[in-house]
Amino acid sequence: MHLEATNRTPEISISETALEMKGECYPEDITAFAEPILESLAEKLKACDVYSVSLELRYFNSSSAKFLFDFFEVLEDAAVAGKSVSIEWRYRSTDNSMKEAGEDFGEDMEEADYQLVEI
Amino acid sequence: MDSHDFHKLLLSRGTFFCYSGLLSEEVLTAISGIVREQVTDIDNNENLTTRVFGIFVEQAQNIIRYSEERLALGGIGTVAIGHSNDGFIVEAINPMNAENVERLKENLKDLQQMDSKDLRKAYKQRLREGPPEGSKGAGLGFIEIARKSSKFEFDFVESPDVLFVLKAWIVP
C-alpha cells in the first residue's frame with residue numbers, strides 16, 4: 001500500500017515488514033483516511049514477527065491526534081501479543097511541538113520499542 | 001460602509017486574510033495553501049508559522065462543525081488572520097446555539113487558567129478518554145488552540161442570536 005502525499009495527508013507506505021509516514025496530516029475526512037491504514041497495519045502485524053515503523057510528521061491537527069493514538073495502540077497491542085515492534089518518531093531539532101507530541105505518544109509504549117529521533 | 005472602507009478597515013487592523021461565508025472541508029482544502037503561503041511570506045520562522053496555521057485549521061474546523069447556521073456541506077462563519085509587530089492573531093466568528101454558551105464559557109475559562117504543563121496534561125487525558133458527548137471531532141480543538149497560542153480571548157455577542165468570537169494571539 002502506497003499513498004502519495006496530498007496537501008492534507010502524509011505520504012504513507014505500508015509493506016509486510018515496515019510502515020513509513022511522512023508529511024502533514026489534517027485530512028478532510030479523518031475516518032475515511034484512518035480506517036484503511038489501521039486495517040492494513042493490523043493485517044501486516046498479524047502476519048509478521050518483526051515490524052518497524054517510522055513517522056516523520058511536520059504537523060497534525062487535533063482530529064488526527066486521535067488517529068495517531070489509535071495507531072500506537074494497535075502497535076503496542078501487537079507488541080504485547082509477542083511481536084517485535086520498533087517505532088521511530090522523527091522530529092526536527094527545532095520543532096518543540098512535534099518533540100512533545102512524540103514524548104506523549106511514547107509514554108504509553110511499554111512493550112513496543114519506541115525511539116525519539118532528532119533529525 | 002463603502003466597499004473601499006471595508007477593504008481599508010481590514011488593512012488598517014492588519015488583517016491580511018479573511019474568509020466569510022460557507023466553510024466546508026473542501027473550502028478549507030482550497031484556501032489552506034494560500035494561507036500557508038501568506039503566513040510564511042510574513043515570517044520565515046517555521047515553528048511560529050506552523051502554530052499560526054494549526055490554530056487557523058482548528059478555528060476553521062470549529063466553524064465547519066459547530067456553526068449554528070448551516071448549509072449541507074458545512075457551517076457559516078468568518079475566519080481571519082492578522083499580523084502586527086506583536087505577532088499574529090487568528091479570529092473566528094460564528095453563530096452558535098445559545099443553550100451551549102454556559103458550558104463552552106466554563107470550558108474556555110478553565111483552559112485560560114492552565115499553564116502549558118496543565119494543557120499538555122489535559123490534551124493527553126482527553127486523548128485517552130475519547131471525545132466528550134456532542135463532539136464531532138476528537139474534543140481536542142480548544143485545548144490545541146490554547147496550547148499553540150500565546151493567549152486567547154473569547155466573547156459571546158447577542159445580536160440577537162448568539163455570535164461566538166474566539167481570538168488567539170501567536171507571538172514568537
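Trainee: In which sense do strand β4 (residues 87–96) of chain B and β6(B) pair, and over how many bridges?
Mentor: This is a predicted model, so read the pairing as computed from predicted coordinates. One contact point in β6(B) is B:L163, the bridge partner of B:P95. The two strands pair over 9 bridges, and the sense is antiparallel.

Trainee: What joins β5(B) to β6(B), and through how many residues?
Mentor: Start with the pairing: β5(B) and β6(B) run antiparallel over 8 bridges. B:E158 stands opposite B:V162 in β6(B). The link is a hairpin, and the number of residues is 3.

Trainee: Which peptide bond is cis, and what is its omega?
Mentor: Look at the loop between β5 (151–158) and β6 of chain B, where B:P160 lies. Most peptide bonds are trans. Here the bond from B:S159 to B:P160 is cis, with omega near -15°.

Trainee: Which element of chain B has the highest mean pLDDT, and which the lowest?
Mentor: Take the chain as a whole before its parts. Chain B has a mean pLDDT of 95, and 99% of its residues reach 70 or more. Among its elements, strand β6 (residues 162–170) is highest at 98, and strand β2 (residues 70–71) is lowest at 92.

Trainee: What ipTM does the predictor give the complex?
Mentor: Two scores come with the complex. The pTM is 0.95, and the ipTM is 0.94.
The contacts can be counted too. On the chain B side, 17 residues are in contact with 16 residues of chain A. As for the score you asked about, the ipTM is 0.94.

Trainee: Which element gives the largest share of the side of chain B that touches chain A?
Mentor: Four helices each supply at least two residues: α2 (25–42), α3 (46–66), α5 (116–129) and α6 (141–148) of chain B. By class, that side has 4 nonpolar, 8 polar and 5 charged residues. The largest share is 5 residues, and it comes from α3(B).

Trainee: Which element gives the largest share of the largest nonpolar core?
Mentor: That core has 66 residues. Those with the most contacts inside it are A:L75, B:V52, B:F56, B:A60, B:I81, B:V90 and B:A168. The largest share of the core, 9 residues, comes from α3(B).

Trainee: Which residues is B:A60 in contact with, leaving aside its neighbours within four places in sequence?
Mentor: B:A60 is one of the residues with the most contacts inside the core. Leave out its neighbours within four places, and the partners are B:L23, B:L28 and B:V79.

Trainee: Is B:S150 buried, exposed or partly exposed?
Mentor: B:S150 lies in the loop between α6 and β5 of chain B. Beyond residues up to four places away in sequence, B:S150 touches B:W169, B:I170 and B:V171. A buried residue needs 20 or more other C-beta atoms within 10 Å, and an exposed one has 12 or fewer. B:S150 has 14, so B:S150 is partly exposed.

Trainee: How far apart are the C-alpha atoms of B:S150 and B:A98?
Mentor: Along the chain, B:S150 and B:A98 are 52 residues apart.

Trainee: What is the handedness of the crossover from β3(A) to β4(A)?
Mentor: β3(A) and strand β4 (residues 50–60) of chain A pair in the parallel sense over 8 bridges. A:C25 has A:F60 in β4(A) as its bridge partner. The chain crosses through helix α1 (residues 30–47), and this β-α-β crossover is right-handed.

Trainee: Which strands stand at the edges of the chain A sheet?
Mentor: The open sheet has 6 strands in the order β1-β2-β3-β4-β5-β6, with mixed pairing. Within it, β2(A) and β3(A) form a hairpin with 3 residues between them. An edge strand has a single partner, so one side is left without a neighbour in the sheet; these are β1 (2–3) and β6 (113–118) of chain A.

Key. Residues numbered from 1 in each chain as written. Chains lettered and ligands numbered in written order. Predicted model: local features only at pLDDT ≥ 70, side-chain atom pairs only at ≥ 80, totals over all residues. Contact = placed C-beta atoms within 7 Å. Nonpolar A, V, L, I, M, F, W, Y, C, P; charged D, E, K, R; others polar. Core = buried A, V, L, I, M, F, W, Y, C linked by C-beta atoms within 7 Å. pLDDT = per-residue confidence, 0-100. Pairing = 2+ DSSP bridges. Right-handed = clockwise from strand over helix to strand, strands pointing away.
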